[in-house]
Amino acid sequence: MNRLFGSKSTAPKPTLTSAISNVDTHIESLDVKLAKLNAELQTHQARLSKMRDGPGKSAIKAKALKILQRRKMYESQRDQLQQQSWNMEQADMMTSNLKNVMTTVDAMKTTNKTLKQQYGKINIDKIERMQDEMADLMEVGNEIQESLGRAYDVPEDVDEAELDAELEALGEEAEFEMGGAMGESELPAFMRDEVPTFVDEPPEAGKVKETAG
């Protein structure tokens with residue numbers, strides 16, 4: 001059956017890139033041929049300029065004309081191939097841009113689907129209730145801090161005038177105590193009931209009177 005109807009080709013399908021490469025290779029080969037023809041034309045033109053009219057000159061001129069015809073044919077083929085290559089490059093560029101657009105669209109669709117799935121699981125009401133609970137807890141915490149920082153046995157309403165009077169009384173009491181201490185320390189030594197440091201024992205009262213008499 002395969003011999004009658006042929007078998008399915010397993011060769012890879014041509015792409016625009018490979019087609020452009022083949023056309024460019026053909027154009028390069030035509031450029032080589034054109035360069036060779038141009039060199040031959042220059043040679044024949046140089047010989048014709050030095051020859052006189054005659055059969056020899058006519059033969060060279062006929063060769064030059066054939067070379068010109070071939071050159072025109074090659075130039076026409078090259079122009080067509082260049083146009084084909086340009087058209088295929090434009091098509092390849094459009095295909096590449098379209099692929100990029102499709103890739104971007106697919107990525108956006110996937111991202112949109114993911115966002116919907118993620119945000120669809122979020123309950124805004126629960127978030128708001130959580131925020132309210134956090135605010136209540138913060139308020140309770142502040143009240144606890146204020147309670148712990150409150151001083152004990154200190155009246156909240158204190159008259160500043162009473163504090164000033166009490167402070168002044170404490171100052172007068174301190175001055176009085178300091179004045180009494182200074183009065184005792186300023187008495188002469190003979191007026192104090194103290195024994196001098198150079199006497200070992202205090203004198204007896206009877207012996208002092210006898211000595212005085």
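Patches are built from residues with over 30% relative accessible area and no salt bridge; like charges are joined within 9 Å and nonpolar side chains (Val, Leu, Ile, Met, Phe, Trp, Tyr) within 5 Å. Areas follow the Shrake-Rupley method with a 1.4 Å probe, and for residues only the protein chains shown count as cover. A salt bridge is a side-chain nitrogen of Lys or Arg within 4 Å of a carboxyl oxygen of Asp or Glu.

The model is predicted: local features need pLDDT of at least 70 and side-chain atom pairs pLDDT 80 or more, while totals for chains, interfaces and linings use all residues. Residues are numbered from 1 along each chain as its sequence is written, and side-chain values use heavy atoms, without hydrogens and water.

Leu115, Tyr119, Ile122, Ile124, Ile127, Met130, Met134 and Leu137 make a nonpolar surface patch of about 800 Å². Helices H3 (55-120) and H4 (124-148) each give two or more residues to this patch; helices are DSSP runs of H or I, at least four residues, numbered from the N terminus.

The whole structure holds 2 salt bridges.

| Salt bridge | N to O distance |
|---|---|
| Arg78 and Asp31 | 3.2 Å |
| Arg71 and Glu75 | 3.7 Å |

Arg78 in H3 and Asp31 in H2 are 47 residues apart. Arg71 and Glu75 lie 4 residues apart in H3, about one helical turn.

The buried residues of H2 (under 20% relative accessible area) include Ile20, Leu34 and His44, and the buried residues of H2 pack against H3, with contact meaning heavy atoms within 4.5 Å.

Definitions and conventions. Buried means under 20% relative accessible area, exposed over 50%, partly exposed in between (1.4 Å probe, protein chains only).
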